[in-house]
Amino acid sequence: MNSDNSRSGGAMDRRTFLKGAAGVAGVATVGAGAADPAKAQSPFGGWFDNVSNYDGVVDETGSSEVTIEVGAKGNNGNFAFGPAAVRVDPGTKVVWKWTGKGGSHNVTAEDGSFESEMSGEQGHTFSHKFQQKGVFKYACTPHKAMGMKGAVVVGTDAASGAASSSGASDGSSGESGGSGGSGGEKLGDWFGNVSNYDGVVDRTGESEVTVEVGAKGNNGNFAFGPAAVRVDPGTTVVWKWTGKGGSHNVVAEDGSFKSKTSGAQGHTFEQTFDETGLFKYACTPHKAMGMKGAVVVGSEAAPDAKAVQPSGTGSGSGSGGSDLGETFTLGVAGALVVGILGLPVAEVRKRRRE
């Protein structure tokens, strides 16, 4: 069973043509060092190293106004500016126009000279007029680590060594590991870059468990809280949006469940887990930043999963997560016995009440 809200997106047109062979040659010329990747990237200082859709500087000189897509195809989704780099004349107005895809984005100059508001709305625009010559690098703050970066080169003498093609390849996130859903899989690699993962929170014995979407973690509100939970077969997991960190979704690695993308506080999505196994999932827009989670169903699944530490889950979800320090008054020795015997939290609670 699952429930969700919907949102729409759209596409748009843009100019990406190169204005004549002479203009292209002027941008691409690097003399004898043209074949050297390091020299070709030097005008941007490696800025475009992880930008999959960067393919040189598009010459837009002679145009009084230039449009750039925000949420263009690139970097394993709609996490790019299109085109990534343009050359314009001093006095040119650059208009960034949102496609409505890839969640919420913004446009923020590295030197602080311009900054847009955050938006995920199709057709939203932001503009800036470039009067001074130079290289102006910018990025989308939530998706910068994923490669959503751009540059405006103002003047023919600025970044004269910019390469016409960077040779960048897609798939820079470097994610490894297969899909979830089978017992015995390991969690170590999956949570390698997840800052708020501190073991699997035992929520067995509960019919419904809540996980925050947009919890604190990964240098912002780009986490699930708690990152990993263990539940019994038949348990319903409810993901609840905090409204922080932009737009998020919940997508299973094995394709068994998928929510819509939303940034609304209080938005929910739920999934009932009837089969035992390990189910890994992520927020597509922020996966590369470490916004990943897992649901471990059954006591025999993911045997290598580290037990949660006695001092909380680190999520601050307020959903009744099992804090061993608050749940038990057994002392250190008693806690060790529980860990060795593998007694479920629900059983310990029952014995404590008796």
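A disulfide, as counted here, is a pair of cysteine sulfur atoms within 2.5 Å, and this structure holds zero of them. What you're looking at is a predicted model, in which local features need pLDDT of at least 70 and side-chain atom pairs count only at pLDDT 80 or more, while totals for chains, interfaces and linings use all residues. Residues are numbered from 1 along each chain as its sequence is written, and side-chain values use heavy atoms, with hydrogens and water left out.

Let's start with the overall picture. The protein chain has five helices and 18 strands; these are DSSP runs numbered from the N terminus, with helices being H or I over at least four residues and strands being E over at least two. Of its 354 residues, 49% count as buried, where buried means under 20% relative accessible area, exposed over 50%, and partly exposed in between, with a 1.4 Å probe and protein chains only. The accessible surface comes to about 15,700 Å², and carbon and sulfur atoms own 47% of that; the areas come from the Shrake-Rupley method with a 1.4 Å probe, and for residues only the protein chains shown count as cover. As for contacts (heavy atoms within 4.5 Å), take those in the protein chain with a separation of 6 or more: 72% of them link residues 24 or more positions apart.

Now to the sheets. Five strands make an open sheet with mixed pairing, in the order β1-β4-β9-β8-β6; two strands pair if DSSP finds at least two bridges between them. β1 (58-59) and β6 (108-109) stand at the edges with a single partner strand each, so one side of each has no neighbour in the sheet. For β1, two bridges join it in parallel to β4 (residues 85-88), and Asp-59 sits opposite Arg-87 there.

Two bridges join β13 in parallel to β10 (residues 201-202), with Asp-202 opposite Arg-230. β13 also pairs with β18 (residues 292-297), again in the parallel sense, over four bridges, and here Ala-228 stands opposite Ala-294.

Which residues does the UniProt "binding site" annotation cover? In the unreviewed entry, they are His-248, Cys-283, His-286 and Met-291. They span 44 residues in sequence, yet no two of their C-alpha atoms are more than 9.3 Å apart, so they gather at one spot. A word of care: UniProt positions are given in the numbering used here, feature names are shortened, and annotations may be inferred rather than shown by experiment.

Take these residues in turn. His-248 is in the loop between β14 and β15 and is buried at 0% relative accessibility. Among its contacts beyond four places in sequence are Cys-283, His-286 and Met-291, and a polar atom of its side chain lies 2.9 Å from the backbone oxygen of Lys-244. Cys-283 is buried too, at 0%. His-286, from the loop between β17 (277-282) and β18, is buried at 1%. Its side chain makes a polar contact of 3.2 Å with that of His-143; a polar contact is a pair of N or O atoms within 3.5 Å, where within protein one must be able to donate a hydrogen and the other to accept it, and residues adjacent in sequence count only if both atoms are side-chain atoms.
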